Amino acid sequence: MRKKSTKNKYYYFISLVELLIKVVPTITQMIYDFLKEKVSTNPQTKVIFTEHGDTYTWEDIDKTSQIIAKELSELGVKQGSHVGLCSQNSINYIITFFAIQKLGAFAQLINNQLKIDELLRLFNSGDVEYFCYGDLNEN
């Protein structure tokens, strides 16, 4: 078995980082474009059905996420901001995700089963500037 050099690992890491810098803004734009396309072609299509019997269309998601995007913007979230998003699966999670995309910010999806001390470590080592959360694990 051949031993890999540290230099090559560093090179591959840098290449991956360079790739992500080029791709991530494109992915954010693609998600926003996806929503715009769905709203323009199928605004009244019901796409989310909750356990309580509520339904949401693409237009509902678009309008509500615009309200949340405005509120996030007033709090200082802007293009390029890193926003932690942590919640159980819900309509609010989806709407907040799209709101973050509309601002050109990066949604950092965070496991809602993490304990508070784990979240603090994550925030201290990462670059989360804002944190949106819903129901978290009680631990």
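In what order do the elements of the protein run from the N terminus on?

Reply: The model is predicted: local features need pLDDT of at least 70 and side-chain atom pairs pLDDT 80 or more, while totals for chains, interfaces and linings use all residues. Residues are numbered from 1 along each chain as its sequence is written, and side-chain values use heavy atoms, with hydrogens and water left out.

From the N terminus on, the elements run α-β-β-α-β-α-β-α-β. That is 4 helices and 5 strands, where helices (H or I, at least four residues) and strands (E, at least two) are DSSP runs numbered from the N terminus.

The open sheet is formed by 3 strands in the order 4-3-5, with parallel pairing; two strands pair if DSSP finds at least two bridges between them. Strand 4 (106-109) and strand 5 (130-133) are the edge strands, each pairing on one side only. Neighbouring strands of the sheet are turned by 30° against each other on average, direction ignored. Axes here are lines fitted to C-alpha atoms, for helices over the stretch in contact, and angles run from 0 to 180 degrees between N-to-C directions. Strand 3 (residues 82-86) pairs with strand 4 in the parallel sense over 4 bridges. Val83 has Ala107 in strand 4 as its bridge partner.

Helix 3 (residues 91-102) lies across strand 3, strand 4 and strand 5, and runs at about 145° to strand 4. Contact means heavy atoms within 4.5 Å. In the protein, 63% of the contacts with a separation of 6 or more are between residues 24 or more positions apart.

Aromatic pairs complete the picture. A search of the whole structure finds 3 of them, counting rings of Phe, Tyr and Trp (its six-membered ring) with centres within 6.5 Å; planes under 30 degrees apart are stacked, over 60 edge-to-face, and the rest tilted. The centres of Phe34 and Trp58 are 5.5 Å apart and their planes stand at 85°, so this pair is edge-to-face. It links distant parts of the chain, as Phe34 is in helix 1 (residues 6-41) and Trp58 in helix 2 (residues 58-74), 24 residues apart. Phe34 is partly exposed at 37% relative accessible area, whereas Trp58 is buried at 12%; buried means under 20%, exposed over 50%, partly exposed in between (1.4 Å probe, protein chains only). Phe97 and Phe98 also form an edge-to-face pair, 5.8 Å centre to centre with 70° between the planes. Both Phe97 and Phe98 are buried.
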